[in-house]
Amino acid sequence: MMEYILEVSDLSKSFDQKKAVDRVSLKVAAGEIFGFLGPNGAGKTTTIRMILNLIHPDQGVVRINGFDIKKDFSRAISFVGSVVETPKFYLHLTGYQNLLLIANLHPQIPKERINELIEIVGLTHAVGQPVSTYSLGMKQRLGIARAFINKPKLVFLDEPMNGLDPQGMIEVRELIRKMAADRETTFFITSHLLKEVEQLCTNIAIIKDGRIINQGKVGQLLAGNSERIEIYTSETDRAIEVIQNLVYVKNVISFGNRLVVELDRGCSAQLNSFLVSKNIGVQYLIPNNQSLEDFFIRQTQGG
Amino acid sequence: MGNLVKNEIIKFIFTRKLYAFLIILSLFQLLPVVGSLMFKINIFNGQTYPLNFLGLVTSWIMPIFMIILCADMVTEEYLNGTLALSLAHPVSRTSLMTAKAISLLVIMTFLLLSTLLIAYVIGTLFFGWGNSFMIQGTTFSTFNGILLNIGLYGISALPLIAFGMVVMFISLQFNSGSVVTGVSIGLMLILTLGAEMVPRLQPFIITTYFNTFSYSLLFFRDLPNILMGVKMIVLYGIGFYLASILVFKKRDLVC
């Protein structure tokens with residue numbers, strides 16, 4: 001039986017009569033890197049804040065490691081680390097002091113844990129400086145270190161790549177991979193940088209206007225029931241004429257000497273043979289994999 | 001709870017406000033020195049010098065510091081998003097508010113005793129230690145004088161913390177530190193002036209006890225006034241503390 005570290009059911013919240021989150025249900029298995037995607041204002045941060053009990057839901061239940069966040073807050077939250085939106089710090093305190101404030105809330109955690117995390121996130125050189133002098137990338141890394149102080153089983157990272165330059169993104173991505181490598185930590189990541197999510201996450205859920213519109217394994221969602229291929233031929237008009245009525249062809253678009261064909265998964269070889277049998281020369285046939293970005297845009301912009 | 005209080009103290013110790021408060025307190029205490037040097041009048045000695053400031057410090061300066069501290073600890077922390085940091089760990093909202101209330105008491109007591117120490121230093125430096133400690137026509141030994149000063153300053157923290165709970169409640173109502181500061185200072189002025197204009201209201205107004213409570217208690221004069229003071233401090237303190245917790249528990253932390 002699958003072990004779920006996070007179970008959310010029927011979570012709803014309205015602000016001033018406007019539904020911000022509408023009956024959201026999610027299950028995140030232990031060890032996953034879960035991506036929570038949605039356009040701006042879709043309800044991602046509100047959902048995370050409700051999971052963390054910072055915002056009171058109008059209805060719904062949140063269970064973390066089996067403990068109800070409302071009824072058994074201390075036990076449920078003790079498994080959690082989080083960075084919600086841009087990591088917030090006491091800017092006049094040093095990086096070390098900011099981590100110390102959180103370590104103080106967990107008396108069982110030895111103070112050496114702070115130095116260990118500072119080393120992992122690569123901030124040893126800056127830990128004695130006030131956080132007001134840190135760059136955004138350094139703050140993100142310090143935020144990640146803070147999220148790990150209590151050795152959490154479940155870590156929420158809300159837009160961890162926000163404001164980072166490409167080098168910073170690579171560093172944070174590698175950091176998350178490093179932290180996730182032991183499979184003892186489950187990550188719940190929101191991001192609008194879909195390439196990052198595609199590279200990191202195993203499962204995703206997409207939220208739009210407060211509602212979950214799709215969720216599942218990244219590979220399966222992207223694969224779907226159809227695939228796209230690009231066909232390069234000098235006889236595009238004749239090719240369109242002969243293939244457009246085939247049962248397994250769903251859509252054909254022409255771009256000069258290139259056709260983009262959407263067809264049932266696994267039928268590309270059959271289509272190639274068919275074109276050859278009709279004496280249409282095929283120069284190239286290139287599978288056109290759907291990216292998470294394409295999938296996300298189709299999901300969030302459709303209906 | 002102890003660790004939460006420790007965190008609040010750490011945050012305060014490393015803030016520039018602490019040093020600004022201490023500098024302001026020192027500057028106020030230098031004013032009589034300047035006056036005394038200008039007019040060549042010497043009516044002070046080091047032992048009694050702190051008494052000259054008790055009224056000003058407890059009635060005006062400390063309440064304003066209390067307002068600034070509360071606005072910082074609650075409203076500004078909420079707006080900066082740091083209030084939610086502890087609550088994403090096994091810390092209840094009641095514990096967090098209680099820790100903030102205890103920290104306010106500790107910080108107020110520290111600032112009051114620092115004021116006393118600064119007054120001793122400045123008084124002794126400019127006017128000498130003196131031979132006796134005289135208050136309200138009674139002379140005390142040096143040791144008893146020091147104890148009395150510590151008592152007068154230390155006990156003043158009690159009506160101040162009761163007022164602090166009122167400000168904490170106000171801090172939870174607004175999403176701007178400046179609005180909290182303005183409303184709280186306005187309330188303090190209304191209460192103080194109201195008490196002056198309608199003497200019958202004085203026993204029910206917390207600002208009345210800023211200056212008088214510690215004197216009444218230490219010299220055990222006017223028992224009904226002492227008992228009324230205790231009642232009002234408990235009523236304001238506990239009442240607004242509980243109201244603050246109730247409000248905070250229901251609040252959505254969206255920042």
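Me: What makes Leu158(B), Pro159(B), Leu160(B) and Phe163(B) in α7(B) count as meeting residues in α9(B)?
Reply: In this predicted model, those α7(B) residues meet Tyr209(B), Phe210(B) and Phe213(B) in α9(B), where contact means heavy atoms within 4.5 Å. Both elements are called helices because they are DSSP runs of H or I with at least four residues, strands being runs of E with at least two, and the numbering starts from the N terminus.

Me: How do you know at what angle helix α7 and helix α9 of chain B pack?
Reply: Two packed helices are described by the angle between their axes and the distance between the axes. For α7 (residues 157-171) and α9 (residues 209-218) of chain B, the angle is about 145 degrees and the axes are 8 Å apart, the axes being lines fitted to C-alpha atoms over the stretch in contact, with angles running from 0 to 180 degrees between N-to-C directions.

Me: What describes the packing of helix α3 and helix α5 of chain B?
Reply: Helix α3 (residues 51-80) and helix α5 (residues 93-127) of chain B pack at about 145 degrees, with axes 11 Å apart, and their crossing is right-handed. The residues that meet include Phe65(B), Leu69(B) and Met73(B) in α3(B), and Leu104(B), Ile107(B) and Leu111(B) in α5(B).

Me: Why is Asn53(A) called buried?
Reply: Asn53(A) has a relative accessible area of 13%, and buried means under 20%, exposed over 50% and partly exposed in between, with a 1.4 Å probe and protein chains only, so Asn53(A) is buried. Asn53(A) lies in the loop between α1 (44-51) and β4 (59-64) of chain A, and its phi is near 70 degrees, a positive value in a residue other than glycine.

Me: Why does Asp209(A) count as exposed?
Reply: The relative accessibility of Asp209(A) is 62%, and Asp209(A) therefore counts as exposed. This residue lies in the loop between β9 (203-208) and β10 (211-217) of chain A, and its phi, near 50 degrees, is positive in a residue other than glycine.

Me: On what basis are these features and names given?
Reply: Local features need pLDDT of at least 70 and side-chain atom pairs count only at pLDDT 80 or more, while totals for chains, interfaces and linings use all residues, and side-chain values use heavy atoms, leaving out hydrogens and water. Residues are numbered from 1 along each chain as its sequence is written, with chains lettered from A and ligands numbered from 1 in the order in which they are written.

Key: A crossing is left-handed if the near helix is turned anticlockwise from the far one by less than a right angle, and right-handed if clockwise.
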